[in-house]
Structure formats: C-alpha cells, structure tokens
Amino acid sequence: MPQFVSLAAAVESAIRDGDTVAMEGFTHLIPHAAGHEVIRQGKKRLTLVRMTPDLIYDQLIGMGCAEKLVFSWGGNPGVGSLHRLRDAVENGWPHPLAIEEHSHAALANAYEAGAAGLPCAIFRGYIGAGLAKVNPNIKSIVCPFSGETLAAIPALRPDAAIIHAQKADRAGNILIEGIVGVQKQAVLAAKRSVVTVEEVVEDFGPRSPNAVILPSWTVTAIAVVPGGAHPSYAHGYYKRDNAYYKAWDAIARDRDGFLAWMKANVLESGPQAFAVHARRLAAAE
Amino acid sequence: MAQNYTSTEMMTIAAARALRGSDVCFVGIGMPSAACNLARLTHAPDITLIYESGTIGTKPSVLPLSIGDGELCDTALTTVSVPEMFRYWLQGGRITVGFLGGAQIDRFANLNTTVVGGTYDKPKVRLPGGGGAPEIATSCGEVFITMSQSKRGFVDKIDFVTSLGHGEGGDHRARLGLKTKGPTKLITDLCVFEPDETSKEMTVVSIHPGVTREQIDANTGWKVKYASEVAETPPPTARELDVLRELHARTARAHGDQA
C-alpha cells in the first residue's frame with residue numbers, strides 16, 4: 001500500500017543521490033512540482049531518464065542535479081532549444097553532463113521491456129541512423145526464426161519513477177486519463193515510485209473498464225499536489241500553459257537570469273504555488 | 001508581379017496538396033502540422049492524422065504547440081500509449097506518410113536534427129535530436145520533408161545522420177533491407193524536389209511561381225539537378241489561403257489566451 005505523504009516526504013523517501021530516476025509524462029502530466037522538490041532537496045549525481053527532457057529536466061540540469069541524461073528528444077516543444085541542457089552539453093555548465101541518446105521508439109520499447117522484466121528491448125529501428133554509431137548501448141540482434149537483424153538496447157530499470165496523475169482513490173489506486181505516454185511502463189519498470197495527483201476521491205466512479213489504473217500495490221508514495229503538472233497539463237483539470245513554454249526560452253537563455261528565476265520560483269517556493277496556475281488555466285466545464 | 005501570399009504559405013500549401021484523403025499520416029510539429037491540417041480542412045477531409053503522443057485520427061481546430069497538446073486528445077478517435085504508438089502503429093507498418101523536417105539536409109534527403117559543428121561528443125550546437133524521426137524515416141510507407149531552403153540548411157554533407165533518407169543514393173535503402181520508399185517529396189519555400197528514379201538524388205520537379213533557378217541554386221549547398229521537365233507549382237487558391245490563415249489566426253488566439 002502506498003503512503004499518502006507530503007511531496008517533500010515522498011521525494012525524500014524515494015530518491016537518493018546517484019539514483020537513476022525517470023520523471024515521465026509525454027507532454028501531458030509532466031511531474032513538474034515533484035521536479036522542483038528534487039531541486040529543493042538538492043539531490044545530486046542523478047541519472048535522469050526521460051523521452052523528452054522538457055522544461056522539467058532543463059531546470060534539474062541547470063541546477064546541477066544531474067550527472068547523466070538518457071533521452072530521445074531534448075527541445076522545448078514548438079519553441080526551440082532547452083538552453084540549460086545545451087549549456088551543459090556544449091559548455092559543461094554547471095558541470096559536465098554525460099548523455100545517452102536514443103530515438104523515441106527505442107526508449108518507449110526500453111520502458112516496456114523494463115516493465116515486462118526483460119533484460120533488453122528488441123525492435124526494428126536505427127536503420128541507417130547515426131546514433132547507432134555513437135551510442136554503445138545500441139546493438140543488434142538476429143531473429144532466430146527469420147534471420148532479420150533488429151535493434152536491441154538495454155531495458156530501462158530506474159531506481160525510481162516519478163509521475164503525475166489525475167486521481168488517487170482512498171486506497172491509493174491511481175487513475176490516468178488522456179495522453180497516457182509511458183507512465184504505466186515507467187512505474188512498473190522502476191524499483192520505487194512517487195505519484196503526485198490532482199486530487200483524492202472516495203471512488204473513481206463510472207469509468208471505462210479499460211481505464212489506465214495503477215493498482216495501489218505498484219506505487220510507493222502518493223502526494224496530493226493540485227496543479228502539479230504545470231506548465232504541462234492535466235486532462236480534465238487544466239490546459240497546457242503554452243505561453244509559459246514560450247516564456248521559458250528567455251528565462252533559461254541566460255545563466256544569471258535562470259538562477260534568479262529558480263531562486264524565486266523554486267527554491268523559495270513550494271508545491272502550493274502550482275494550485276494557483278491550475279486555477280488560472282482551469283479547463284472549461 | 002506582386003504576390004498575395006508568402007513563400008512559407010506556398011510551402012505549406014504545396015505540402016498539403018501532396019497528401020491524399022486515404023493517407024494515414026504521422027505528423028510532426030510546426031510546418032508539417034499546418035500542412036496536414038490544411039489538407040484535412042480542404043481536399044482531404046478523410047485523412048487520418050496521427051501524432052506520436054498516441055493520438056489517432058485527431059482533428060484539432062487549432063494547431064498544437066507541442067506534439068501532445070490536449071486539443072489532440074480531445075479530438076482524437078482514440079489515444080494509445082506511446083509504446084503502442086511506436087510498436088503497433090509505426091513499426092507495424094500502418095502509417096502511409098511520415099512528415100519530417102530538419103536543421104540540415106543533403107542531396108539524398110538524409111536529415112540532421114542532432115548536432116551541428118564540432119563532433120558528436122563536443123558539438124558546436126546541440127540540437128534537440130531525433131525523437132521519432134529515425135524510425136519514422138524507415139517505417140512509414142513514404143516520407144515527405146518540408147524545409148525552408150538556405151545554404152546553411154541544404155548542405156553538401158550533413159554533420160550527423162539523424163534519420164536516413166536515401167543514404168548514399170541508388171539502392172542504399174534496399175541494401176539495408178528497407179522496403180519503404182523513404183523521402184518521395186521535399187517541399188521547400190522555393191520548389192518541390194523528388195528523388196531521381198535511379199540515383200535517388202533529390203531533383204527539382206516543380207518551381208513555385210516567381211522563383212528562379214538562380215534563387216534555388218543560390219540557396220542550395222550542392223549543384224542542384226533539375227528534371228527534364230520542370231513544372232510551375234500552381235499558386236495558392238483563395239480557399240487554400242483563407243483556410244490556412246484562419247487556422248493560424250485561431251491558433252494564435254488560442255495560445256495567446258493562455259498567457
């Protein structure tokens with residue numbers, strides 16, 4: 001049974017310095033509030049795994065939490081570069097960042113392999129692609145039945161997964177709706193998991209029998225953080241803050257401006273700030 | 001002759017025209033998204049648009065800023081997980097057209113969105129990377145590419161092969177075991193390229209109204225080949241322009257609303 005705890009306690013219990021951590025959510029339900037808490041707790045030497053690093057990892061990288069990044073697309077969607085990620089890769093600021101780069105197909109398969117308890121992911125990919133030459137974790141395997149050569153990469157088995165979801169019920173079961181991304185796979189692949197939720201309900205009520213639900217016994221800790229996905233969004237609760245994504249470009253471009261922003265909005269702030277954004281962007285009923 | 005449209009509008013409209021109502025299209029953000037939705041709102045209302053976030057058969061009324069805006073899920077026929085999207089739908093061979101762009105392209109339509117300058121480990125400029133592109137390039141039935149033409153982007157040798165086009169040309173794709181066609185159209189703000197039947201070098205087949213061969217040559221980092229018969233791209237129709245501009249205006253209002 002997961003414990004309902006504060007966000008600070010959830011992150012404290014699940015994330016240790018040096019851990020491999022996957023904070024997932026494909027554009028939707030990105031656990032930004034939890035990312036801020038990891039920064040506030042000053043976690044160090046993390047290997048951060050995420051298909052699309054997005055603003056959440058730009059912030060963690062810029063604040064020096066990461067030693068390595070495993071990713072497949074490192075931009076600000078529809079806007080441009082992630083400047084903190086670029087500064088780390090191009091100039092080693094605030095310290096050098098090792099990268100392990102894959103394609104989306106590869107990481108999606110690697111999460112699924114991790115959830116399935118397999119040692120590696122096998123798929124038809126990387127044909128003629130340059131990454132296969134620079135990433136030693138991209139190998140090939142010959143199908144014993146057809147003889148076809150397929151790509152293989154190690155399964156992802158993070159120490160911890162962090163996700164944001166719409167609802168938990170009192171028993172600690174988790175409901176995810178909308179663009180479900182790889183969150184189910186990430187949680188099932190990880191040793192420990194933290195889930196932040198918009199709200200806790202008595203009962204999920206009428207729902208599709210195929211709704212994505214993580215049973216309580218697959219989750220380590222739950223923290224209720226309304227708005228916890230902002231500036232990403234929570235389907236049915238609030239919209240993606242596209243203006244914020246655009247504004248991030250200028251904030252992150254400059255080291256001093258970035259640090260000042262992080263001090264004011266993360267280090268000296270807390271999860272309660274997210275609820276304000278959620279109310280402002282509330283989905284029209 | 002004064003034109004009542006921009007070269008970017010011409011590019012988007014030319015790209016939209018290449019899509020058919022029967023297509024199942026894997027859509028990228030930016031120009032591809034505008035072109036695909038323009039096709040859906042004009043000549044190809046039955047087209048199936050798929051975004052890599054897992055949304056299948058989506059019909060957004062405004063263009064998404066990201067690949068996974070809520071609008072895409074709200075208007076989709078169904079939304080699947082990301083592993084399912086890449087395994088069953090893309091790898092499974094269900095997609096007829098993939099739409100790609102890039103920072104750099106070469107004459108065989110290999111694309112780079114990874115690093116420019118320096119080496120992979122010590123790049124001068126670190127770009128976002130491939131995302132879905134490496135497998136879109138090889139698993140979709142064919143690939144359309146849209147890019148604004150410039151000497152910086154259209155280069156003799158790309159710094160990194162993020163996604164395979166026609167490789168070194170000729171039968172290179174077939175030698176790699178691929179049965180998909182790869183890039184069949186490269187639509188720019190100046191013209192439309194298609195691969196030569198044997199060499200697979202991207203060859204100009206249609207030039208947009210008012211554009212000269214000198215302009216095309218001056219904005220390309222290799223010696224451009226022209227087909228024996230080069231057409232003039234039909235100019236945008238009033239309806240195409242109206243629908244595209246309305247789509248952009250709706251999008252600007254929607255994204256601005258959230259400030």
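Two residues are in contact here if their C-beta atoms, placed from the backbone, lie within 7 Å. With that in hand, here are some close-up views of this predicted model.

**View 1. Chain B meets chain A.** In this view, 46 residues of chain A are in contact with 44 residues of chain B. On the chain B side, α3 (70–74), α4 (82–91), β9 (123–126) and α5 (133–139) each supply at least two residues. The largest share comes from α4(B), with 6 residues. Sorted by class, the side of chain B that touches chain A has 21 polar, 18 nonpolar and 5 charged residues.

**View 2. The two domains of chain A touch each other.** Domain 1 of chain A takes in 3–102 + 157–272, and domain 2 covers 105–154. Their centres, taken over C-alpha atoms, are separated by 26 Å. Where the two meet, 11 residues of domain 1 of chain A are in contact with 11 residues of domain 2 of chain A. On the domain 1 side, β7 (98–101) and α7 (183–189) of chain A are the elements that give two or more residues. The most comes from α7(A), which gives 4 residues. By class, this side of domain 1 of chain A has 5 nonpolar, 3 polar and 3 charged residues.

View 3. The strands follow the order β8-β10-β9 in an open sheet of chain A, with antiparallel pairing. At the edges stand β8 (120–123) and β9 (139–142) of chain A; each has a single partner strand, so one side of each is left without a neighbour in the sheet. On average, neighbouring strands of this sheet are turned by 40° against each other, direction ignored. Look next at β9(A) and β10 (residues 149–154) of chain A, which run antiparallel and are joined by 4 bridges. Within this pair, A:Val142 stands opposite A:Thr149 in β10(A). Helix α5 (residues 104–115) of chain A packs on the sheet and touches β8 and β10 of chain A. The direction of α5(A) makes about 135° with that of β8(A).

**View 4. In chain B, 10 strands form an open sheet.** The order to follow is β4-β3-β2-β1-β5-β10-β11-β12-β13-β14 (chain B), and the pairing is mixed. The edge strands are β4 (78–79) and β14 (225–232) of chain B, each with a single partner strand, so one side of each is left without a neighbour in the sheet. Elsewhere in the sheet, strand β10 (residues 142–146) and strand β11 (residues 183–187) of chain B run parallel, joined by 4 bridges. To find your place in this pair, look for B:Ile145, whose bridge partner in β11(B) is B:Leu186.

**View 5. Helices α1 and α2 of chain A cross.** The axes of α1 (residues 7–14) and α2 of chain A come within 10 Å and cross at roughly 65°, which makes α1(A) roughly perpendicular to α2(A). The crossing is right-handed. From α1(A), A:Leu7, A:Ala8 and A:Val11 meet A:Ala33, A:Ala34, A:Glu37 and A:Val38 of α2(A). This contact has 6 nonpolar residues, no polar and 1 charged.

**View 6. Helices α3 and α4 of chain A also cross.** Here the axes of α3 (residues 54–62) and α4 (residues 83–91) of chain A come within 7 Å, crossing at roughly 45°. That makes α3(A) oblique to α4(A), and their crossing is left-handed. A:Tyr57, A:Asp58, A:Ile61 and A:Gly62 of α3(A) make the contact with A:Arg84, A:Leu85 and A:Ala88 of α4(A). By class, the contact divides into 4 nonpolar, 1 polar and 2 charged residues.

**View 7. Some backbone details of chain A.** Most residues other than glycine have a negative phi, and most peptide bonds are trans. A cis peptide bond joins A:Trp93 and A:Pro94, with omega about 0°; A:Pro94 lies in the loop between α4 and β7 of chain A. The peptide bond from A:His230 to A:Pro231 is also cis, with omega near 10°. A:Pro231 is placed in the loop between β15 (221–224) and α8 (242–253) of chain A. Lastly, A:Arg45 has a positive phi, near 55°, and lies in the loop between α2 (32–40) and β3 (46–49) of chain A.

Terms used: Residues numbered from 1 in each chain as written. Chains lettered and ligands numbered in written order. Predicted model: local features only at pLDDT ≥ 70, side-chain atom pairs only at ≥ 80, totals over all residues. Nonpolar A, V, L, I, M, F, W, Y, C, P; charged D, E, K, R; others polar. Domains from an automatic or database assignment. Pairing = 2+ DSSP bridges. Axes fitted to C-alpha atoms, helices over the stretch in contact; angles between N-to-C directions. Parallel < 35°, antiparallel > 145°, perpendicular 65-115°, else oblique. Left-handed = near helix turned anticlockwise from the far one by under 90°.
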